[in-house]
Amino acid sequence: MNDQNQIGKVPTPKRRGRGCLLWLGASLASLLGLLLVGYIFEPVAEAADAKAYPPPGQLVDVGGHRLHINCTGTGSPTVVIEAGLGDWSTTWGGYVQPEVAKTTRVCTYDRAGMGWSEAGPLPRDAAQNAKELHTLLQNANIPGPYVMVGHSLGGLVVRVFVHDYSSEVVGVVFIESMNPKQLSQSPTVQSQSESQSQPFSFQAMLARFGVARLLVKLPGIAPSLPPNEEAYYPLYIRPQYFQATTNESQGMPVSGAQAAAVKSFGDLPLIVLTARLNNIQGWQEWQTELLQLSSNSQQLFAENSGHNAQAEEPEAAIAAILQMVRQVRETVKR
């Protein structure tokens, strides 16, 4: 009778609790084990990527850290491309740079922490980036005159660069450049800046444990890339990239203020390339306002692209840059 009662007895709450603790303990141990494996594997994978995808250009010291710059083509003026937030030279190196290089020398580079460049000191704002870019060009023996090209956030950096080194700049091309006003008027940009205002990057922490490297392998997350841009994802999934992007996002309000302080380029030739399909509220008006920076300005349009015209409609970006190069050369001949 007692044996039958034991067989049919329901587990007590104490036994169920012990079983849950054992399950939680095993799960936690498994998770910690996976994180440890990821933590060990990530730097090994980064070292393998560094061998598989060496920098196409050169690493140049700019005062305690090195930046990557890649110059191709010959001729003057030298076109210098400043990429947007979270972007670097690979986006421009696949199609835009090779086409421009057929006409003149063109340089793409990676801001601190982006692409092949080493991390740099804080803050990461427009003034700091403009200063480092100028030092990079000088130390790499790439003298002016320059046609400065700025995309999105890169437009703020170019604006400060033109002001600080005006004697070396002969033309400017804004490709979907940010307008400082949008940092105070756009809820989208405000929320982005606020969400990135943490003292460290959570994404960078996850990437340090190999999570980004794992996710990017899943179907649908990492689409195929055009030729000559295979290095994009190996550079993108590193902890350094996520931390650098967070640092730049934190610096956006200051970058906007620094750019806003530059009121005029005088009569410096300026082309503003605007994407027709960018439907951010107020964007078209902000783009038109950029024309007021110079008394010698004109607006062109990328008819079939959104914000990333250099990738979605590279022909429009190339045409705008080459038009500025021709304009500068014609001015020199006179």
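I started at Glu176, which counts as buried at 0% relative accessibility. Buried here means under 20% relative accessible area, exposed means over 50%, and partly exposed lies in between, with a 1.4 Å probe and protein chains only. Before going on, I noted that this is a predicted model, in which local features need pLDDT of at least 70, side-chain atom pairs count only at pLDDT 80 or more, and totals for chains, interfaces and linings use all residues. Residues are numbered from 1 along each chain as its sequence is written, and side-chain values use heavy atoms, with hydrogens and water left out.

I placed Glu176 in the loop between β6 (169–175) and α7 (182–185). Helices (H or I, at least four residues) and strands (E, at least two) are DSSP runs, numbered from the N terminus. Glu176 is not a glycine, yet its phi is positive, about 50 degrees.

Which side chain makes a polar contact with the side chain of Glu176? I found Asn278, at 2.6 Å. A polar contact is a pair of N or O atoms within 3.5 Å; within protein, one must be able to donate a hydrogen and the other to accept it, and residues adjacent in sequence count only if both atoms are side-chain atoms.

I followed Asn278 to the loop between β7 (270–275) and α14 (283–290). Asn278 is buried too, because its relative accessible area is 7%. I set aside neighbours within four places in sequence and listed its contacts: Glu176, Trp283, Gln284, Ser305, Gly306 and His307. Contact means heavy atoms within 4.5 Å. I also checked Asn278 against Ala309, 31 residues apart along the chain. Their C-alpha atoms are separated by 9.7 Å.

**Helix α6**

Next I looked at α6, residues 154–164. Nine of its 11 residues are buried, so α6 is largely enclosed by the rest of the structure. I wrote down the buried ones: Gly154, Gly155, Leu156, Val157, Val158, Arg159, Val160, Phe161 and Val162.

How does α6 pack with α13 (residues 252–260)? The angle is about 40 degrees and the axes are 9 Å apart. Axes are lines fitted to C-alpha atoms, for helices over the stretch in contact, and angles run from 0 to 180 degrees between N-to-C directions. The two helices are therefore oblique to each other. Under 35 degrees counts as roughly parallel, over 145 as roughly antiparallel, 65 to 115 as roughly perpendicular, and the rest as oblique.

Which residues make the contact? From α6 I noted Leu156, Arg159 and Val160. From α13 I noted Ser255, Gly256, Gln258, Ala259 and Ala260. Sorted by kind, the contact has four nonpolar residues, three polar and one charged. Ala, Val, Leu, Ile, Met, Phe, Trp, Tyr, Cys and Pro count as nonpolar, Asp, Glu, Lys and Arg as charged, and the others, Gly among them, as polar.

I then looked at the loop between β5 and α6, where Ser152 sits. Phi of Ser152 is near 55 degrees, a positive value in a residue other than glycine. Ser152 counts as buried, at 10% relative accessibility.

I moved to Gln97 in helix α4 (residues 96–100). Is Gln97 buried or exposed? It counts as buried, at 4% relative accessibility. Its side chain joins that of Thr72 through a polar contact of 3.1 Å. Beyond neighbours within four places in sequence, the contacts of Gln97 include Asn70, Cys71, Trp92 and Val106.

Met114 came next, in the loop between β4 (106–109) and α5 (126–139). Met114 is buried, at a relative accessible area of 0%. Outside four places in sequence, I found it in contact with residues including Trp88, Arg238, Tyr241 and Glu248. The C-alpha atoms of Met114 and Ser89 are 8.9 Å apart, while the two residues are 25 apart along the chain.

**Cis peptide bonds**

I recorded a cis peptide bond between Ser76 and Pro77, with omega about 5 degrees. Pro77 is in the loop between β2 (66–72) and β3 (78–82). I recorded another cis bond between Gly144 and Pro145, with omega about 5 degrees. Pro145 is in the loop between α5 and β5 (146–151).

**Whole chain**

Last, I looked up the totals. The chain has 16 helices and eight strands. Of its 334 residues, 47% count as buried. Among contacts between residues at least 6 apart in sequence, 79% join residues at least 24 apart.
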